[in-house]
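Dear colleague,

Please read the notes with the coordinates open beside them.

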Amino acid sequence: MAPLSKAHTALVELREDLTGEVLAPWDPGYDDARTVFNAMIDRHPAVIAQCETEPDVARAVRFARDLDLKIAVRGGGHSVAGMALNDNGLVIDLRRMHAVTVHPGSMTVRVEGGATMSHLDRATEPYALATTGGRASTTGVGGFVLGGGSGWLERTFGLAVDNLLGVELVTADGRTVLATAEENPELFWALHGGGGNFGVATALTLRLHELPAFAIALLLYLPEHGPEVMRVYREVIESGPSEASGGLLYLTGPPEEFVPDHLVGRLACAVLLTYVGTEDDMRKVAQPLLALPHEAEVVGAMPYADVQCMIDDPPGMRNYWSAEYLTGLPDDLVDVFCTRAWTMPVPTGTQHVLFPYGGAVADGPAEYPVPYRNAPWAVHPFGIWEDPADDERCVRWVREVRADVRPWTTGAVYLNFIGDEGSARVEAGLGAENTRRLAAVKAEYDPDNVFRFNHNIAPA
C-alpha cells in the first residue's frame with residue numbers, strides 16, 4: 001500500500017483524469033455504488049471508479065497498479081458471488097458503459113462491458129434479431145458471455161461464447177488489446193469460458209441470429225404431480241426439436257394474477273417451455289404437457305425480450321446458487337429430484353430448477369473451455385431469500401441438492417451458476433487440460449494475478 005500522501009495525490013489526479021466519477025468512502029453515493037444484487041455481500045472498497053470510456057478503464061488500472069491496490073471489476077449485472085467487489089481495493093465499475101450497437105447487415109452487435117441483457121435484447125428486438133443471453137434481463141452481458149453463456153436460446157443458437165466474435169480488453173498493464181480468431185487467437189480462445197481472468201472487457205462483438213417469432217407455455221402443477229410432469233417434460237425435450245427449451249422447477253407460488261389462491265405462498269411445480277418459432281408450432285410440441293392436469297397456464301406468442309424479464313429476481317435478496325451437470329435423466333434421478341423439492345425452503349424465492357441442454361450446445365465447437373457442453377441436463381438449486389435467519393437452512397438445502405444428484409453427474413459445471421466453491425470446482429468448470437492451457441495465457445497477460453476476483457486461474 002502506498003503512503004497516504006501519495007495515495008491522496010493519486011486519487012486527486014484520478015478524479016481529474018476520468019470522464020466518469022470516482023467515489024471514495026466519504027463521498028455521497030458511495031454506499032449505493034458498492035451495493036450489489038446479493039444482500040449477503042457487504043464489502044468496502046477504498047475507491048470505486050465509475051468508468052465511462054475505455055481510456056477511463058486503462059487509467060483506473062494504472063492507478064491501482066501504482067498504489068498496489070487490489071482490483072475488482074464490476075460489469076452490468078449480478079455478481080452473485082460478490083466477485084465484483086473487494087475490501088480496501090479498487091472497483092472498476094463499468095455500468096455507465098452500456099451502449100449497444102446493432103449491425104443488421106453483418107448480423108453482429110457490439111456491446112459495451114457494462115451492458116445488461118435488457119440493453120442487448122431491447123436493442124436487437126426491432127431488427128427481429130437475437131443472440132443467446134442469460135435467463136434474466138438484469139444479467140450482465142460481459143461476465144455472462146466470458147463465463148460461457150447459457151440461456152433460453154442456446155439449444156437453437158449455441159452457447160453465448162459460440163457466438164463471440166471479438167473482445168476489446170484492457171490488460172493488467174493498462175494496454176488495450178483486441179482478441180479475435182485472427183488477432184491474439186490464444187487470448188480469444190481463453191475468453192471462451194475463462195471469464196475475467198485476463199483483463200477488463202470494455203466491449204464484446206457477438207453474432208446475431210434471426211428471431212422472427214418466439215412463444216412460451218408456462219404451466220403450474222400441484223407439487224405431488226411433479227414426477228409425472230418431469231417425465232413428460234423429459235420426453236418433450238428429448239424427442240422434440242432444438243427450438244424447444246425452457247426448464248422445470250419447483251417454486252413458491254408467487255402472488256401473481258395467473259396463480260390460483262391455493263398455490264400462492266405454497267410449493268408448486270412449474271414448466272416453462274420456450275420455443276424459437278410460432279405459437280402454433282410451440283403448441284404442437286407442448287401438447288403432452290398441456291394435456292396433464294394443471295392449475296394455471298400462460299400460453300402464447302411473446303417477444304423474447306419480454307420473456308427475459310419474466311423471472312427477474314429483485315435486488316437486495318440473499319442468494320446462494322450452485323449447479324450440477326448430468327449424464328442423463330433416468331427415472332431414479334427424477335424421483336430423487338422431486339423428493340428433494342419437499343424440503344425446499346418455502347415460502348422464499350428459492351427455486352429447484354432443471355434445465356435441458358443438447359441441440360446446438362452439444363453440436364458447438366469442442367475446443368473451447370466449456371466442458372459441460374455434452375451434458376444433456378443440468379440441476380440448478382437456486383437459493384434466494386430475505387431473512388438472514390434463513391441463511392443456514394437455505395445454503396444447506398442447496399448443498400443437499402448437489403449431494404443428491406452426485407451419482408449422475410458428469411463432473412463438469414458452468415461457472416456462472418456457482419459462487420466460490422474452491423479451485424477444484426474452477427477446474428471442473430474449465431476442464432483439467434484446458435486449465436493448464438489457460439494458466440499459460442494468464443501468465444502472458446496477467447502474470448501478477450491482478451485480476452483475481454473471479455473464478456480464478458493462477459498464472460503458470
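Two strands are taken to pair if DSSP finds at least two bridges between them, and the elements themselves are DSSP runs numbered from the N terminus, with helices being H or I runs of at least four residues and strands being E runs of at least two. This is a predicted model, in which local features need pLDDT of at least 70 and side-chain atom pairs count only at pLDDT 80 or more, while totals for chains, interfaces and linings use all residues. Residues are numbered from 1 along each chain as its sequence is written, and side-chain values use heavy atoms, with hydrogens and water left out.

I begin with strand β8. This strand, residues 164-170, pairs in the antiparallel sense with strand β10 (residues 200-207) over 6 bridges, and within that pairing Gly166 stands opposite Thr205 of β10. Strand β9 (residues 176-179) is also an antiparallel partner of β8, over 4 bridges, with Leu169 opposite Val177. β8 and β9 form a hairpin that has 5 residues between the strands, and Gly174 in the turn has a positive phi of about 85°. Of the 7 residues of β8, 5 are buried, where buried means under 20% relative accessible area, exposed over 50% and partly exposed in between, with a 1.4 Å probe and protein chains only.

These strands belong to an open sheet of 5 strands in the order β5-β6-β10-β8-β9, with antiparallel pairing. Its edge strands are β5 (100-103) and β9, each of which pairs on one side only, and the twist averages 15° from one strand to the next; axes here are lines fitted to C-alpha atoms, for helices over the stretch in contact, and angles run from 0 to 180 degrees between N-to-C directions. Strand β6 (residues 108-112) is joined to β10 by 5 antiparallel bridges, and Val109 has Leu206 as its bridge partner in β10. Helix α4 (residues 117-124) packs on this sheet, where it touches β5, β6 and β10, and its direction makes about 30° with that of β5; contact means heavy atoms within 4.5 Å.

A further open sheet has 4 strands in the order β1-β2-β4-β3, and its pairing is mixed. β1 (21-23) and β3 (71-74) each have a single partner strand, so one side of each is left without a neighbour in the sheet. The twist in this sheet averages 20° from one strand to the next. β1 and strand β2 (residues 47-50) run antiparallel and are joined by 3 bridges, in which Val22 has Ala49 as its partner. Helix α3 lies across β2, β3 and β4 (90-93), running at about 175° to β4.

Where does Val57 sit? Val57 is found in helix α3, residues 54-67, and it counts as buried because its relative accessibility is 0%. Leaving aside residues up to four places away in sequence, Val57 touches Cys51, Ile92, Leu94, Met97, Val170, Val200 and Thr202. The C-alpha atoms of Val57 and Val200 are separated by 7.8 Å, although these residues are 143 residues apart along the chain.

Finally, the second largest pocket has a volume of about 340 Å³. A pocket is an open set of points on a 1 Å grid over the protein atoms alone, where a 1.4 Å probe fits, with protein on both sides within 12 Å along at least five of seven lines, and lining residues have an atom within 4 Å of a point; the volume is the space filled by probe spheres set on the points, which are joined across faces, edges and corners. Its lining has 19 residues, of which Ala81, Gly82, Met83, Gly419 and Asp420 lie nearest the centre.

With best regards
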